Structures are given as C-alpha cells and as structure tokens.
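Colleague: I would like to learn how to read a helix, a sheet and a group of aromatic rings in a model of this kind. Could you take me through them in turn?

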Amino acid sequence: MYNDFAYVYDRLINDVDYKEWADYYFKIFQRYGLNPKLGLDLGCGTGNLTLELANRGIEMTGVDLSEDMLMVAREKSEGKDILYLNQDMTEFELYGTVDFIVSSLDCVNYITDKRDLLKVMKLVNNYLDPGGLFIFDINTRYKLENIIGDNTFILEDEDCFCSWQNEYDKKRKLSDFYLTFFLKDGESYTRFDEQHTERAYEIDEIKSIIENSGMRLLKVYHNLSFENPKKNSERVFFVAQEQGK
C-alpha cells in the first residue's frame, strides 16, 4: 500500500508529538487502573509510537500491512526488543495476549467495511488479557467532510513536495486522498503517486461494533483530552475494555 510512501511518511506527519500521545495513553492506563507490561501497536506504521512506548518499559509488538513501513520501523528500533509482524489488521495473530492494544492516527478509518471492523474488534477482544484496554482514535465525519472535504493541500520541505487532493462522498461516507510526491534526487525530482481511502464513522456506529465484539465501551474523548467530544471535534479517542474471559 505504501511503497515509497513509507520513506516520506514521517515528513508528512511531522507535526505529531508522539511523546504527547504516549503520555496520554499512560494517563488512560492510570485512569482505568491498568499497569501494563505487554502492548500491541496495531497499524504501527514506521514505529514512532511503538518505540516511544517501548522506551517507557513496555514490551511492544507492532503489526502493519506494509513491509516498507516495517523496514523503516525496524531501522529506528535497532537495539530495542520490539517484535514487528507483517500482517493485515483484519487477520492479525499474536503469540499470546497483551495488556493493551492501541491503534493510532486514524488507522481505524482505513477499515472502510463495517464487517471488517467488527472482525478487527473481535480479534482485539481475543488477544486482550482480562480487563485489558483497546485505545484508538478516528478522524471524525466533521473533519473528513468539512476540513479535508474536497480541498487540496500543499506540503513541502527542503527536498520533498506533496500535493494532497481530496474528494468526499457524502452518500458512501468515504474520503479519497490523492497524493502526488516529488522527491529530490540529485539535480532532478522523482515523482510517485498514492491513493488512500478513509471511512467516516459516527460515534454510535463504532459503539455498536465494539459492543458486538464482546468488549465494553468505557468512554469517548475529544482529541488527547478527557473532555466529551464536541460537534467540531476533528479527532476522537475511544477506550474499550475486555470484559473478562
């Protein structure tokens, strides 16, 4: 899916503070009485958050569909005892259960079929220890429809230029992203193109899927806070719990 994109991914999202995200996850652990030792980063990408959590003493596993993303993650994590698995989120398998699972930066939006999302949730429930937590975030419908919408964005740095065009289908609740990159290669530039699709989920839709998976929804929060979601929230976090096997 990502190919060359793996090598510019970190530039594209260089405004993400992974320390802040990890701090937030640990606040959630504390709030719900979890003292985790084992964790899974589902859809780990280039491993930034996986590494941040591992640096805090968690024995981490990272799962991602992209071999290229995992190659970048392994390079970053050299010397750390992190297990990376090249697997599809909808079919992932672990060697045992974990205390928590996180899925970050709208990975869940990339699962565009609700039946597939239910499969993911059931697998999460299966691989969580009793009382374990699943923490994930989504881009809200408000963001996909009104902020990203049918807009075009330009992102550039010293040797990379990206045009990001978007199309939002209200009927299908799908947002298509068309990205064109130009990477400096000596005196010339190399072009490559990517297309990605995210689904706009309503909070109640996700709540229903969580409950049907066997987990319990504990809370939904406005972006990186403990406030309730707002009408104009662009990102919300879900905290679900395994109910005891």
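**Reading a helix, a sheet and an aromatic cluster**

Modeller: Please keep in mind that this is a predicted model.

Colleague: Which residues of α7 are buried, and why do they fall on the same side of the helix?

Modeller: Within α7, which spans residues 203–213, the buried residues are Glu205, Ile206, Ile209, Ile210 and Ser213. They cover an arc of only 135° around the axis, and therefore they lie on the same side of α7. The face turned away from that buried side carries Asp204 and Asn212, which are exposed.

Colleague: What do the buried residues of α7 pack against?

Modeller: Their partners are α5 (114–127) and the strands β5 (128–139), β9 (188–199), β10 (216–222) and β11 (235–241). Of these, β10 is itself largely enclosed by the rest of the structure, because five of its seven residues are buried. β10 runs antiparallel to β11, to which six bridges join it, and Leu217 stands opposite Ala240 in β11.

Colleague: Which residues form the aromatic cluster?

Modeller: One cluster is formed by Trp21, Tyr24, Tyr25, Tyr221, Phe226 and Phe237. Trp21 and Tyr25 are four residues apart in helix α2 (residues 18–31), and are thus separated by about one helical turn; both Trp21 and Tyr25 are buried. The rings of Tyr24 and Phe226 have their centres 5.4 Å apart and their planes at 40°, so this pair is tilted. Tyr24 in helix α2 and Phe226 in the loop between β10 and β11 are 202 residues apart, and the pair links distant parts of the chain.

Colleague: Are Tyr24 and Phe226 buried or partly exposed?

Modeller: Tyr24 is buried, at a relative accessible area of 3%, whereas Phe226 is partly exposed, at 28%. The charged end of Arg31 sits over the ring of Phe226, 3.9 Å from its centre.

Key: Residues are numbered from 1 along each chain as its sequence is written. This is a predicted model: local features need pLDDT of at least 70, side-chain atom pairs count only at pLDDT 80 or more; totals for chains, interfaces and linings use all residues. Side-chain values use heavy atoms; hydrogens and water are left out. Buried means under 20% relative accessible area, exposed over 50%, partly exposed in between (1.4 Å probe, protein chains only). Helices (H or I, at least four residues) and strands (E, at least two) are DSSP runs, numbered from the N terminus. The arc is that of the directions from the helix axis to the C-beta atoms. Contact means heavy atoms within 4.5 Å. Two strands pair if DSSP finds at least two bridges between them. Rings of Phe, Tyr and Trp (its six-membered ring) pair if their centres lie within 6.5 Å; planes under 30 degrees apart count as stacked, over 60 as edge-to-face and the rest as tilted. A charge sits over a ring if NZ of Lys or CZ of Arg is within 6 Å of the ring centre and within 35 degrees of the ring normal.
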